[in-house]
Amino acid sequence: NENAKLRGQMFGNELKGIQDELKELTHSFDSKLSMFKDGSMNKDNFLEFAKKHKNEMNRLILLYDDLQIVRGFESAVQLFKLSAETQLESDKQMIEWVKTGNDAAHIRSDALLQESFDYEMAGLAEYKLAQGSLKP
């Protein structure tokens, strides 16, 4: 029982670490995008940053696969990963908008961002549900 509790804590900490890093990456991307939009960062610098951002997001998404998922939390983790993947697709569309000025890419980015948020909220609900089912 103590071993299961320890595994659960480790899982929770690892998942929180991924989610926290994802939040940081997302905030950084949004900040650089704002700098580009207000003219304090040029297109080339933003696109150079964006290339690194995509690599970091891909690395982070792969971390979900390495988690030792506690039974009952599988669907929550799948939804969190789907949210991160959709966030990356949104970012890619925004990068496309910066490159080309194509407003359709900007609109797709916004729609994907909402989808990512919806997956995140569903993942949170699943996580809370799984937590509740583990309590004695």
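The dialogue below reads several features of a predicted model.

Colleague: Let us begin with helix α2. Which residues does helix α2 cover, and how many residues does it have?

Modeller: Helix α2 runs over residues 43-66 and has 24 residues. Its first and last C-alpha atoms are 35 Å apart, close to the 34 Å expected at 1.5 Å a residue. At the start of α2, the backbone nitrogen of D44 has a side-chain oxygen of N42 within 3.1 Å.

Colleague: Which residues of α2 are buried, and what do they pack against?

Modeller: A residue counts as buried when its relative accessible area is under 20%. In α2 the buried residues are F46, F49, A50, H53, M57, L60, I61 and Y64. These buried residues pack against two helices, α1 (2-37) and α3 (74-100).

Colleague: Where do D20 and K16 lie relative to each other?

Modeller: Both belong to helix α1, and because they are four residues apart there, about one helical turn separates them. D20 has 31% relative accessibility and so counts as partly exposed. K16, at 49%, likewise counts as partly exposed.

Colleague: What separates the side chains of K51 and E48, and which helix holds this pair?

Modeller: K51 and E48 meet in a salt bridge at 3.9 Å, N to O. The pair lies in helix α2, where the two are three residues apart and therefore separated by about one helical turn. K51 is partly exposed at 47% relative accessibility, and E48 is partly exposed at 39%.

Colleague: Let us turn to the nonpolar side chains. Which members of the largest nonpolar core touch the most other members?

Modeller: In soluble globular proteins, nonpolar side chains tend to be buried together. Here the largest nonpolar core has 19 residues, and F11, L15, Y64, L67 and Y127 touch the most other members. At least two residues of this core come from each of α1, α2, α3 and α4 (103-134). Setting aside residues up to four places away in sequence, Y127 touches F11, G12, L15, F73, A76 and F80. Apart from this core lies another, of twelve residues, including F29, F46, M94 and W97.

Colleague: As a last case, let us take S109. In which helix does S109 lie, and is it buried or exposed?

Modeller: S109 lies in helix α4. Its relative accessibility is 3%, so S109 counts as buried.

Colleague: Which residues is S109 in contact with, leaving aside its neighbours within four places in sequence?

Modeller: With those neighbours left aside, S109 is in contact with S90, Q93 and M94.

Technical notes:
Residues numbered from 1 in each chain as written. Predicted model: local features only at pLDDT ≥ 70, side-chain atom pairs only at ≥ 80, totals over all residues. Heavy atoms only, no water. Expected span 1.5 Å × (residues − 1). Buried < 20%, exposed > 50% of the residue type's maximum accessible area, 1.4 Å probe, protein only. Contact = heavy atoms within 4.5 Å. Polar contact = N/O pair within 3.5 Å; in protein donor to acceptor, adjacent residues only side chain to side chain. Salt bridge = Lys/Arg side-chain N within 4 Å of Asp/Glu carboxyl O. Core = buried A, V, L, I, M, F, W, Y, C linked by side-chain atoms within 4.5 Å.
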